Amino acid sequence: MSRTVTVRAAVTVLLFVFLLLPGACSPPSDEDILRQYIDEGVSALNERDRRAALEHVRAGLMIRGEGLAIDARRLMLIYFQRFRNVHVFVHDLEIELADGEAEARFTAILMGSNATLPEHLDVFAVTSRWEKDDDWWLADLTWQRRDELRRLPEAVRRWLEGRDD
């Protein structure tokens, strides 16, 4: 009888694993992928890694805002030359998906410094458009400067507090 109980228990466990396995191995959703790409891009900018920052950016991407348009690669070079430290924080990220395209809207805080405290701080409302063919690619990015500095996100406050040496 104990063998029957052991066999039943083993069959129950195997059945349970097989029922859970397809859900556990399912690929990430498109929204999860885009969130990951945006996080990786922000981390790459903060680490000054141009190649990683541009990994999912279409060649020739023009960043537009306030009547200006500049190539993404050139803009990155300008900031990296002007500031030894560039820190980007993204929050309030919202993503809408439709038929192989996506729009991501978020607030970005960009700080640049050559020493400990920020010498330059801007807050932007950003809208990015992504296209999917073999993978997701950033195809368009527009920004609008925000005049007021609203309540800073916790990550930004922690970053600033750590610089008050």
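Among contacts in the chain between residues at least 6 apart in sequence, 52% join residues at least 24 apart. Contact here means heavy atoms within 4.5 Å. The model is predicted: local features need pLDDT of at least 70, side-chain atom pairs count only at pLDDT 80 or more, and totals for chains, interfaces and linings use all residues. Residues are numbered from 1 along each chain as its sequence is written, and side-chain values use heavy atoms, with hydrogens and water left out.

The chain contains five helices and six strands. Their order from the N terminus is α-α-α-β-β-α-β-β-β-β-α. Helices (H or I, at least four residues) and strands (E, at least two) are DSSP runs, numbered from the N terminus.

The chain has 165 residues, of which 32% count as buried. Buried means under 20% relative accessible area, exposed means over 50%, and partly exposed lies in between (1.4 Å probe, protein chains only). The accessible surface of the chain is about 11,000 Å². Carbon and sulfur atoms account for 54% of that surface. Accessible areas come from the Shrake-Rupley method with a 1.4 Å probe; for residues, only the protein chains shown count as cover.

The structure holds 11 salt bridges. A salt bridge is a side-chain nitrogen of Lys or Arg within 4 Å of a carboxyl oxygen of Asp or Glu. One of them joins Glu31 to Arg35, with the closest N and O atoms 3.0 Å apart. Both residues lie in helix α2 (residues 30–46). They are four residues apart, so about one helical turn separates them. Glu31 is partly exposed, at 28% relative accessibility. Arg35 is also partly exposed, at 28%.

Other salt bridges span the sequence. Asp140 and Arg64 meet through their side chains at 2.5 Å, N to O. This pair links distant parts of the chain, 76 residues apart: Asp140 sits in strand β6 (residues 136–145) and Arg64 in strand β1 (residues 62–65). Asp140 is buried, with a relative accessible area of 19%. Arg64, at 35%, is partly exposed.

Strand β6 also contributes Arg145. The side chain of Arg145 forms a salt bridge with that of Glu66, at 3.6 Å from N to O. Glu66 lies in the loop between β1 and β2 (68–71), and the two partners are 79 residues apart. Glu66 is partly exposed, with a relative accessible area of 49%. Arg145 is partly exposed as well, at 32%.

Salt bridges also form a network. Its members are Arg58, Arg129, Glu131 and Asp133.
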